[in-house]
Amino acid sequence: MLHRAGKPPMFGDYEAQRHWQEITYNLPVHEWYFNTTDNNLNYWGLDYPPLTAYHSLLCGHVASLINPDWVELHTSQGFESSAHKLFMRATVLIADLLMYVPAVVLYCFYLSEGSNRKKVCLVLCILLYPGLILIDYGHFQYNSISLGLALWGVLGLGLGWDMLGSLAFVLAVNYKQMELYHSLPFFCYLLGKCFKQGMAGRGLFLLVKIAVTVLVTFTLCWLPFLTDPGQVLQVLHRLFPVGRGLFEDKVANTWCSLNVLIKIKTILSTDTQLYLSLAATLLAALPSSIKLLTKPTLWQFKLALVNSSLAFFLFSFQVHEKSILLPALPVCLLLGDLPLPAVWFLQASTFSMLPLFLKDGLFVPYAVTSSAFVFYSVYLLSALEHSSEEELQLKSLSLLPFLSQSPGQFYLSVAAMAGLSFMSVALAPPARLPDLFPLLVSVFSFLHFLGLLLYFNVVQIAEPPSPRRKNPKKTE
Amino acid sequence: MAASTADSWSWFPALALGVSFLKCLMINSYHSTDFEVHRNWLAITHSLPVSKWYHESTSEWTLDYPPLFAWFEYGLSHVAQHFDKKMLVVQNLGYASPATVLFQRLSVIATDVVFIYAVRECCRSVREEKGSKDLLVRPYFILAALLLWNYGLLIVDHIHFQYNGFLCGILLLSVARHLQGRHLEGAFLFAVLLNLKHIYLYIAPAYGIFLLRSYCFTKDNTDGSVRWSSLSLVRLIALGSIVISVCALSFGPFIAMGQLPQVLSRLFPFKRGLCHAYWAPNIWALYNVVDKALSVLGLRLKLLANLPKASMTGGLVQEFQHSVLPSVSPSATLICTLVSILPAVLSIWRCPRGARGFLRCLVVCALCSFMFGWHVHEKAILMAILPLSVLAVESREDAGIFLMLATTGHYSLFPLLFTATEMPTKVLLILLFTLYSFTSLKKLFRGFLLNTLEVTYLLGLIAVEIICEVVYPLLPWKQTLPFVTLLAKSVYCSLGVSYSFIRLYLSILRPTDKPKEL
């Protein structure tokens, strides 16, 4: 049920994608990332890796077959018509159906446990996740491709096909550089697996195979740019703009929330900010990575994906609110195992993007999809029934007593989110604090993210070193 | 699934909420002139005194529903004024601010609660065989899904904009009450329905004959014929007083003001043409095509001199004359309709099969009115499809007829949404609904429900759609004969609808061996 009709017009990213089709279709490869007379980098310049550019090229070819006006160099800027909107939406839908949906279906049927009916419910709930739907179809992006490729990577590793998994993940990174948030767990998992198989024999062989796969894939993706080191540098410069500050706008991570109390953006210099965020990110991601290195199982891998990407989101440099989709994907994978915390996180992640949705005029779709998601995931996955201490994997720790009232707290939290959402759209903020509501939204989400980061880390690290834990018997 | 024992109905709110969420997502999609019609009626009933309601004609969309519906709009208008006062000004023709759209759409979604309640009552009255344990194969679950998520209702109510969910909800509730044996309530609900939309007059004979035969005559002779002596005057008078009092409540104020002729003239405007701009897939569509074919043939073969070039689809409601075959007048269609419902109605008089026989007769009457009526809208097929769903989950043969009728009928609604943005939605939804109805009914009755010919016909619908949407625009005839696609769709669908009509009629005329129940 991924169709959505009648969304309001989107500017911004919609025009950016159309512009990239125009640029890649009309200009030669070596001009794509450079500032030339034909390509003004200040007007939605390309800032994603080469695979995005190739995808735009493909779409540009299809577009020119249907109506050349859509990708005419220079004259097509700001072009908008209902046929064009239909075309652009169709490209997102096709990408979704080809890349993301099959990965989700295969994951639920091969890598999760339970009856067939439970697996179908799981597929429905994952596909119903509002954040991805709203960003891809409302705000307009192609996250389903990069997230889908990453999911194919997880599938590959989960089924034991390490090389295919690494190939898929490298493609994901080459589609959107934010996928690097997931790179640490992939690296640690594969390295840990090699260590387990013994570095003197099969382990070393595996390591070499994976390394070769990664290098070859990178080379193939960057082939047109490898002729000239200046090209490579320019592309990297576009991908990682280190000139910008610690954060922009309101985002639900540590630095923005800290900024409310201490104005760190102005106190520290840009370089110090860079080093501070680097240190904090690595520190936050370290425990889970080390645990994964020592115990490379699928369960640990999934948890490490969550912990690592969430750590990166909370402490990294120049994080955008849309990056919450990166931790959201692995949390979707945990919907079958830890339903209540997963639903809680996913709802908080959608809520954290509320200011963005309001700017795009997407309040009604946001309200409807969030309500539908919470209702159906609680109903279909019996989330609130599986919230005992044992099932929340907290048996070995009694130092988190407050979680025993989880269902009540969950409802309270969702009610607060609903309340804040309505206030944001219905009330005008006081004149002295024009950013009051976005700030409240991001701080509220931040507290949730921090708490859930701690929780997921505890679950991952406190897992006893006995054989792989079995899911508690699910009553069907 | 979550705690779904045989008696737990927790899945029902899940289904109902799900479709309501879907409806909310359709708030900003295309809406037709019916949106303006209802806005105009809100304005008329709110701003003008009652005596002017049926005289007002600033807008071309005059009030042409019975008074109870006008009172319903009046009630809605009191809520509307909190959304946007300007929509209630009669002179604001075509006013459609975002608040107006939001209010109107939400009013449809909110009044659908009547439909949801009616579906629940129907599900409770459904008979099922013992033995099936799985929830998804239970008849009442399938019925709930087929009704709540009915494609036709979603498209017509929540995109095209009408209040059919509310009205069909009252109809289904009345049917459910009869199935449960609560006949007085059923009669009351039908009287209310008649006063909300008078198109339901077409199925009034089914109600009348059924109630007279099975409710007023309390006993039958051993051979099944009516025992005249068992007429219960009490019941007859009760029924009569219910109907008369409801009509009095509705029309009373207008009779008192002496406006009855004016109201009736608004309710029954016979100035419009035999067919709508898009021909509903009924008998007259086939009649028109045969007439046109014969005239073209006649000209080619020089059998006829030059004939007036009949323009049959120009404009919205133009009259036209047929060239070769005799022209059809409103009274001719009325006679045809009455003649067609006579056998069905007589059969439940002579051999009543209880409430289910009544339901079958109701569907047949609705289909007769669709096939032979004057200026029929293609939306009217819903009046037949929805009650047929109840029969479809109980009998194998009815399930087969339902699949044919529903698929064809739903496809015939396609031209209602002609914008490019609605194309993915309507295609996806119809595919989902059709696939679900086929697989669920097949699982319920454990076997194929349609023969090869029927399946070929239904697959032909896909071919027709592709030809009309993709192939034809590329051909050079598109400029000179632009209506050919609509014509083709209408004629092709009328074949399917006629076929289902004949099969359903035969099923009511066939004598059954089932024991009589009330």
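**Architecture of chain A and its interface with chain B**

Chain A contains 20 helices and 0 strands in this predicted model. Of the 476 residues in chain A, 55% are buried.

Two domains are assigned in chain A. The C-alpha centres of domain 1 and domain 2 of chain A are separated by 34 Å.

Chain A also forms an interface with chain B, to which chain A contributes 18 residues and chain B 22 residues. About 2,100 Å² is buried between chain A and chain B, with carbon and sulfur atoms accounting for 72% of this area. On the side of chain A that touches chain B, α4 (116–127) and α18 (363–380) of chain A each provide at least two residues. The most is given by α18(A), which supplies 9 residues to this side. The composition of the side of chain A that touches chain B is 11 nonpolar, 4 polar and 3 charged residues.

Specific polar interactions across the interface were also counted. Between chain A and chain B there are 0 salt bridges, while 3 residue pairs, with both residues at pLDDT 80 or more, are in polar contact.

Definitions and conventions: Residues numbered from 1 in each chain as written. Chains lettered and ligands numbered in written order. Predicted model: local features only at pLDDT ≥ 70, side-chain atom pairs only at ≥ 80, totals over all residues. Heavy atoms only, no water. Domains from an automatic or database assignment. Contact = heavy atoms within 4.5 Å. Buried area = accessible area lost by both parts, 1.4 Å probe. Salt bridge = Lys/Arg side-chain N within 4 Å of Asp/Glu carboxyl O. Polar contact = N/O pair within 3.5 Å; in protein donor to acceptor, adjacent residues only side chain to side chain. Helix = DSSP H or I, 4+ residues; strand = E, 2+ residues; numbered from the N terminus. Nonpolar A, V, L, I, M, F, W, Y, C, P; charged D, E, K, R; others polar. Buried < 20%, exposed > 50% of the residue type's maximum accessible area, 1.4 Å probe, protein only.
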